[in-house]
Amino acid sequence: MQIDRPGFVLRAWTFEDEEPLVRHANNPRIAAMMRDEFPSPYTPGDARRFIAAAGDTVSYLYLAIDVNGEAVGSIGIQPLDDVRRRTAEIGYWLSESLWGRGIVTDAVHSIIPVAFERFDIIRLEAGVISNNPASMRVLEKCGFVREAVHQKAITKNGATFDEIVYVCFGDGAGQ
Ligand SMILES: CC(C)(COP(=O)(O)OP(=O)(O)OC[C@H]1O[C@@H](n2cnc3c(N)ncnc32)[C@H](O)[C@@H]1OP(=O)(O)O)[C@@H](O)C(=O)NCCC(=O)NCCS
């Protein structure tokens, strides 16, 4: 799976990405906006574990955001299970040096149809920490709707935040 966009490519992870993955992901300003499963500090072992997990393209879809041949970020689709199995979560991060150029907006926009085509889902959602307006703006630009505020649902780095839930339906409902 490869998606070519102006200025970047979304493509599969390979073990050659280990060094740039650590270099770009090892940033507390990125980790601060992610779940705790995103390591901080981000070590070579963490990178290898992530790349190995990303090789499972049946259960989920994790693609590298590649700029000039270098993995500089990640975008992922993770279907949930049990009664939530027709919902998938979308997640992403980008190297801080590239923030503000529209890259992740384009990446999210590009992966939405792929997510609905590849998985038997009817709902794509993102849970954003309330202190992350950039991510909310990305989702809004891609047609996601602000659906709910889960009050005080998130504890991150010792502080409590609301979780803002954004949703996108494959049929465009709610957009
Ligand atoms: C959130 C993140 C993925 C955005 O990536 P990006 O490529 O910089 O995003 P884009 O350039 O496509 O769009 C960012 C938008 O947010 C806006 N924005 C940035 N900072 C903002 C702020 N403090 N307040 C309001 N809007 C802000 C930008 O102006 C832009 O909107 P615009 O096009 O209307 O001007 C990136 O900042 C990141 O990796 N952050 C850390 C990890 C993270 O937050 N992951 C998501 C967890 S839910």
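Begin with helix 5, which gives the shell around the ligand its largest share, 5 residues. Helices (H or I, at least four residues) and strands (E, at least two) are DSSP runs, numbered from the N terminus. This is a predicted model, in which local features need pLDDT of at least 70 and side-chain atom pairs count only at pLDDT 80 or more, while totals for chains, interfaces and linings use all residues. Residues are numbered from 1 along each chain as its sequence is written.

**Stop 1: the ligand**

Select the ligand and show what surrounds it. A residue is near a molecule if its C-beta atom, placed from the backbone, lies within 6 Å of it. The shell has 21 residues, and M33, V104, T105, P133 and A134 are the closest. Which elements should you colour? Strand 5 (87-94), helix 4 (103-118), strand 6 (123-129) and helix 5 (133-141) each supply at least two residues of the shell. By type, the shell divides into 14 nonpolar, 5 polar and 2 charged residues. Here Ala, Val, Leu, Ile, Met, Phe, Trp, Tyr, Cys and Pro count as nonpolar, Asp, Glu, Lys and Arg as charged, and the others, Gly among them, as polar.

**Stop 2: the nonpolar core**

Next, select I65, I75, A107 and V108. In the largest nonpolar core, which has 41 residues, these four touch the most other members. Helix 4 gives this core its largest share, 6 residues. A nonpolar core is a set of buried Ala, Val, Leu, Ile, Met, Phe, Trp, Tyr and Cys residues joined through C-beta atoms within 7 Å. A residue is buried if 20 or more other C-beta atoms lie within 10 Å of its own, exposed if 12 or fewer, and partly exposed in between, with C-beta atoms placed from the backbone. In soluble globular proteins, nonpolar side chains tend to be buried together.

Centre the view on I75. Apart from its neighbours within four places in sequence, I75 is in contact with L10, L63, I65, Y92, A107, V108 and I111. Two residues are in contact if their C-beta atoms, placed from the backbone, lie within 7 Å.

**Stop 3: helix 4**

An α-helix has 3.6 residues a turn, so residues three or four places apart point the same way.

How far apart are the end C-alpha atoms of helix 4? They are 22 Å apart, which agrees with the 22 Å that its 16 residues should span at 1.5 Å a residue. The expected span is 1.5 Å times one less than the number of residues.

Select I111 and P113. Helix 4 has a kink of about 30° at I111, shortly before the proline P113. The bend at a residue is the angle between axes fitted to the seven residues ending there and the seven starting there.

E117 is also in helix 4. Is E117 buried or exposed? It counts as exposed because it has 9 C-beta neighbours inside 10 Å.

**Stop 4: the loops**

Go to P41, in the loop between helix 2 (28-31) and helix 3 (44-54). S40 and P41 are joined by a cis peptide bond, with omega about 0°.

Move to D82, in the loop between strand 4 (70-79) and strand 5. Phi of D82 is near 55°, a positive value in a residue other than glycine. D82 is exposed, because 5 other C-beta atoms lie within 10 Å.

Finish at N157, in the loop between strand 7 (145-156) and strand 8 (159-168). N157 has a positive phi of about 50°, although it is not a glycine. N157 is exposed too, with 10 other C-beta atoms within 10 Å.
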